[in-house]
Amino acid sequence: MLKSGTPVDALVAERMGLGLSELTQEKTEEYQAAAFRKVLHYVKENSDFYRKRFSAIDPEEIRTLDDIRRIPCTCESDLAGNEWRFQCVSPSAVHRIVTIPTTGTRGKQKRLSFTKADQQKAVEFILRGYLTMECKKGERMLIFMSGGSPGSIGDLVRQAVEPVGMEIAVFGEIRDLFAAYERLMEYRPEIVEAIPWHAAALAAYGKQFGNPEKAFIRSVNLSADVVPDQITERLRRLWGCTVHRHYGSTEMCIFGGVECVHHNGYHLRHSDILYEIPEPDENGMGEIVITTMAHEAMPLIRYRTGDIGRMIDAPCPCGAKVRRLEKIWGRDSSILKINGTPVFLSELADVVYADDGVLDFDAETCENGRLRIILRSLPECKIDLTGIQSRLEKIAGAQSTGLDKSIIWETETFRGFPDGYNLKKTIR
């Protein structure tokens, strides 16, 4: 059993020039203040945007994390359409460009650039994450995520884990659930990498056959979106496996943090990325702000991710003594109002996925202000709508009569995940 930290923490310590036993929160903050000064010098010299934004700021005055909190934040509205002003290297040095929609600027997209070194740092982190999952030579991994192009998630995972001596196959994002399940049964992987919603549907589909996949799946890693607790519970119960959650984003070069075997918060890339929650509420929850201190192509300074989370300061049972990220609840844009009570979409997901009959769901706001919740299941499966409503009442503080007035419930037969749909669960 781990005593002083995970392979992820060992990599962080190595990059900080420390031994694993020396990795403490105090030393981490000292390193991060110095790294922040360095990246501030770098962007002032190489980025048109930051040169102007920070013209009156002397990087040498940054000595503590409190000093960093006085630096203005960057938002995706700054980035969208202005990427060239952020880029710090010549176009020939860019190894990969990723274009993604913005969350708050209709019709606009943001483009993130990465050098080969940026991606290599992420690949090294991925490897340590899978070593944390105790992946072994000779095991098989099946990746249900995009992997058809160089630098895609599946491709980076494959690059990272190949040195372990595993056999790796990339299926791609699941569109046809039935074909995906057939591939799962044919390949018989010990390790599965998947989007949370897709893995939940796979396990529920397999239940009608008695979940024979339980005989070979040992561990699952879920990423690309918020991971509701009830999805991890479903997988542990139906597949008898361990489930690890990963936190990341395109801005981080995808990979940012992963759970260890104790499932007590995300172990983070503290040597490469500064994670802050600068305005926590009374419960310690707030928006996560990141600085990508080790990136070459397009470092982001105090970038508002939109993700809502909470930090853990207590040591991990594995022995790690540095701050971890407890969990991701969602975004401000993923908060529903049910009878006046704010409810995260991930909390609604916990209510819904507690019923194994649900393979997928959607929530959308109607013109009259009511909420429509669409539950999808197989034709032969029954959904316990009364049980779902009862669980929702408990978190929304409402009676069933109140829910009837504010929510329209619908059920549909599950037919698969349409192209480009359901990668990140949103309120429609």
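## Ground rules

The model is predicted, and residues are numbered from 1 along each chain as its sequence is written, while local features need pLDDT of at least 70, side-chain atom pairs count only at pLDDT 80 or more, and totals for chains, interfaces and linings use all residues. Side-chain values rest on heavy atoms, with hydrogens and water left out.

Helices (H or I, at least four residues) and strands (E, at least two) are DSSP runs, numbered from the N terminus. Buried means under 20% relative accessible area, with exposed over 50% and partly exposed in between (1.4 Å probe, protein chains only).

Start with β12, residues 303-312: seven of its 10 residues are buried. Strands count as paired if DSSP finds at least two bridges between them. On one side of the bookkeeping, β11 (residues 285-292) runs antiparallel to β12, joined by five bridges. Gly-286 has Gly-309 of β12 as its bridge partner.

β12 also pairs with β13 (residues 324-331), again in the antiparallel sense, over six bridges. Here Ile-308 sits opposite Gly-330 of β13. As background, side chains in a regular strand alternate between the two faces of the sheet.

Glu-364 faces Arg-372 of β17. Five residues lie between the strands of this hairpin, and Gly-369 takes a positive phi near 90°.

Helix α12 (residues 345-353) has eight of its nine residues buried. The buried set is Leu-345, Ser-346, Leu-348, Ala-349, Asp-350, Val-351, Val-352 and Tyr-353.

## Ile-254 in its loop

Ile-254 is in the loop between β7 (242-247) and β8 (257-259). Why does Ile-254 count as buried? Because its relative accessibility is 19%.

Contact means heavy atoms within 4.5 Å. Leaving out residues up to four places away in sequence, Ile-254 touches Gly-151, Ile-153, Leu-156, His-246, Tyr-247, Gly-248 and Ser-249. Glu-282 is another story: it is 28 residues from Ile-254 in sequence and 30 Å away in space, C-alpha to C-alpha.

## Cavities

Rolling a probe the size of a water molecule over the atoms shows where empty space is left. A cavity here is a set of points, on a 1 Å grid over the protein atoms alone, where a 1.4 Å probe fits but cannot get out; lining residues have an atom within 4 Å of a point. Grid points are joined across faces, edges and corners, and a volume is the space filled by probe spheres set on the points. For the classes, Ala, Val, Leu, Ile, Met, Phe, Trp, Tyr, Cys and Pro are nonpolar, Asp, Glu, Lys and Arg are charged, and the others, Gly among them, are polar.

The whole structure has four cavities of 30 Å³ or more. The largest holds about 90 Å³ of space, and its lining includes Phe-125, Tyr-130, Glu-193, His-246 and Phe-255. Helix α7 (residues 116-132) gives the largest share of that lining, four residues. By class, the lining has seven nonpolar, three polar and one charged residues.

The second largest cavity comes in at about 60 Å³. Among its lining residues are Gln-25, Glu-29, His-270, Met-311 and Arg-323. α2 (25-46) and β10 (273-276) each supply at least two lining residues, with the largest share, three, from α2. This lining splits into four nonpolar, three polar and two charged residues.

Definitions and conventions: 1 Å grid on protein atoms, 1.4 Å probe; cavity = no way out; pocket = protein on both sides within 12 Å on 5 of 7 lines; lining within 4 Å.
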